[in-house]
Amino acid sequence: MAKKAKKAKVRVRGYVKDLVGFFTLKKTREAWIETGSTEFDMSDHAAELAKQLHPVLTKAVIADIKDETPTTKTFTFKALEGYELPYFYAGQHISVKFCIDGRWVTRPFSVSSAPRDTDDGILQITLRKMPNGYVSGWVWDNWKVGTEVKFDGAFGEGYWSSIRDTKHLVGIAGGSGITAFRSIAREMLVSKRPEKFTILYGSRNENDIIFYDELNELAKQSDGAIEVYNILSDAGESWQGERGFIGADMIKKLVSDWDKVSYFVSGPQPMYDYLDGEFAKLGIRNKFIRKEEYGETADITASALYPKGHENETFKIKVIFGTEETVIDAKATDTVVVSLEKAGIAPDTHCRSGACGWCRSLLLEGEVWQRPQSDGVRASDKDHGFFHPCSAYPMSDLTIKVESRLE
Ligand SMILES: Cc1cc2nc3c(=O)[nH]c(=O)nc-3n(C[C@H](O)[C@H](O)[C@H](O)COP(=O)(O)OP(=O)(O)OC[C@H]3O[C@@H](n4cnc5c(N)ncnc54)[C@H](O)[C@@H]3O)c2cc1C
Ligand code: FES
């Protein structure tokens with residue numbers, strides 16, 4: 001009863017306040033006009049705030065490089081004067097711009113530091129050097145402390161949200177996919193969101209595990225809120241932990257409430273394809289599964305879905321950008337974006353997975369094969385001839401119109 005009376009009192013007080021405000025509105029306005037400046041304020045405060053929260057481009061310097069494993073390093077960025085580190089949710093990625101031999105390319109990397117680390121003026125990414133990796137190999141040879149880098153972001157849906165995800169989150173990572181989960185775990189210690197985070201992390205062997213000590217330390221500090229299980233496919237004899245691959249049986253064994261939780265998956269492409277079947281076995285509905293963007297495929301001919309017979313073909317692409325027209329060569333096994341980059345006319349890209357629509361372009365003539373795992377082109381866009389060049393392969397000569405160009 002007392003609660004109800006209190007609520008009613010608050011409501012009446014609010015109503016009286018509104019009425020008084022309404023009747024004194026004219027007077028208050030006149031007083032403001034009287035005391036206000038006669039100079040017209042041209043500044044756009046909303047735009048300034050938006051620019052601070054979402055900088056178009058951040059230029060930064062590499063302040064530190066840490067070896068994590070024999071093939072993985074963490075790079076610490078500090079914004080250069082006049083630039084801001086972007087705000088982001090733990091689990092999102094940035095798009096780093098590289099100029100290699102005079103030609104621009106971009107690569108997405110999950111932010112491995114936590115949003116709270118930006119309070120200390122730093123943002124980190126953790127890179128694994130891929131065998132013959134075009135960009136990752138170049139980074140190994142060229143990025144030093146003091147090197148200037150530029151990137152934009154943050155992007156992606158791989159962050160925890162109270163309105164769509166359960167309070168207990170299960171993160172399944174493979175290889176360098178753990179970087180996003182390190183960010184979530186670090187942030188969780190201060191935000192307590194989600195309430196529980198179970199990480200199932202698959203690696204080949206002990207040497208490949210990234211953040212082994214740090215994640216165990218975070219788990220210790222979290223009072224049971226963070227759990228980390230390392231699962232090794234090729235472990236040495238002394239390994240005491242789990243062995244094998246992360247599939248339905250492993251999930252059931254390690255996660256007691258496996259049928260009531262949200263899953264995030266971040267790892268190599270074969271892991272996504274494999275887990276699709278395992279989630280289906282467990283009867284987990286799609287709304288409880290979130291995957292990091294699919295990424296690029298180093299060798300598309302290894303995919304069973306790639307149209308047979310095109311492997312050795314080369315086509316011409318007429319590229320229209322504004323009033324310019326350029327004709328370039330394109331292999332049927334390179335995405336249209338990779339061909340544009342090789343020709344030195346790179347469009348800007350963010351996800352390179354067909355998902356975000358940033359590279360959306362018009363296909364005026366010809367035929368492309370859009371990789372099914374990353375066909376994020378909306379039906380209405382398809383009807384109007386749009387496609388996503390970062391995940392589309394030419395199947396004939398093409399004429400395309402692109403909207404953006406990296407400098
Ligand atoms: C959302 C997201 C987050 C990611 N986060 C991380 C992370 O935290 N850590 C991490 O290590 N990786 C991460 N990756 C993967 C990363 O973006 C790169 O794919 C990875 O570093 C390999 O790049 P690479 O150029 O070395 O590999 P490559 O396999 O050499 O290159 C990939 C593509 O580049 C093309 N290519 C080859 N030569 C050229 C050329 N001359 N010009 C232009 N293109 C060429 C290839 O055809 C291939 O399609 C993430 C990927 C995604 C999608
Ligand atoms: S860069 Fe995201 S769809 Fe192409």
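Predicted model: local features only at pLDDT ≥ 70, side-chain atom pairs only at ≥ 80, totals over all residues.
1. Domain layout. The domain assignment divides the chain into domain 1 (51–155), domain 2 (168–291) and domain 3 (314–401). Taken over C-alpha atoms, the centres of domain 1 and domain 2 are separated by 24 Å.

2. Contact between domains 1 and 2. Here 15 residues of domain 1 are in contact with 14 residues of domain 2. On the domain 1 side, strand S1 (58–69) and S5 are the elements that give two or more residues. By class, that side has 5 nonpolar, 7 polar and 3 charged residues.

3. Position of ligand 1. Both domain 1 (51–155) and domain 3 (314–401) give residues to the shell around ligand 1, so the ligand lies between them.

4. Composition of the shell. Ligand 1 is surrounded by 31 residues, of which Gly 133, Tyr 134, Val 135, Ser 136 and Gly 295 are the closest. Two or more residues each come from strand S4 (103–110), strand S5 (123–128), helix H4 (134–142) and helix H9 (336–342). S4 gives the largest share, 5 residues. By class, the shell has 11 nonpolar, 11 polar and 9 charged residues.

5. An open sheet. In the order S14-S13-S19-S15-S17, 5 strands form an open sheet with mixed pairing. Strand S14 (324–331) and strand S17 (386–387) are the edge strands, each pairing on one side only.

6. The pairing of S17. Strand S15 (residues 361–365) pairs with S17 in the antiparallel sense over 2 bridges. Within this pairing, Leu 362 stands opposite Phe 386 in S17.

Notes. Residues numbered from 1 in each chain as written. Chains lettered and ligands numbered in written order. Pairing = 2+ DSSP bridges. Helix = DSSP H or I, 4+ residues; strand = E, 2+ residues; numbered from the N terminus. Near = placed C-beta within 6 Å. Nonpolar A, V, L, I, M, F, W, Y, C, P; charged D, E, K, R; others polar. Domains from an automatic or database assignment. Contact = placed C-beta atoms within 7 Å.
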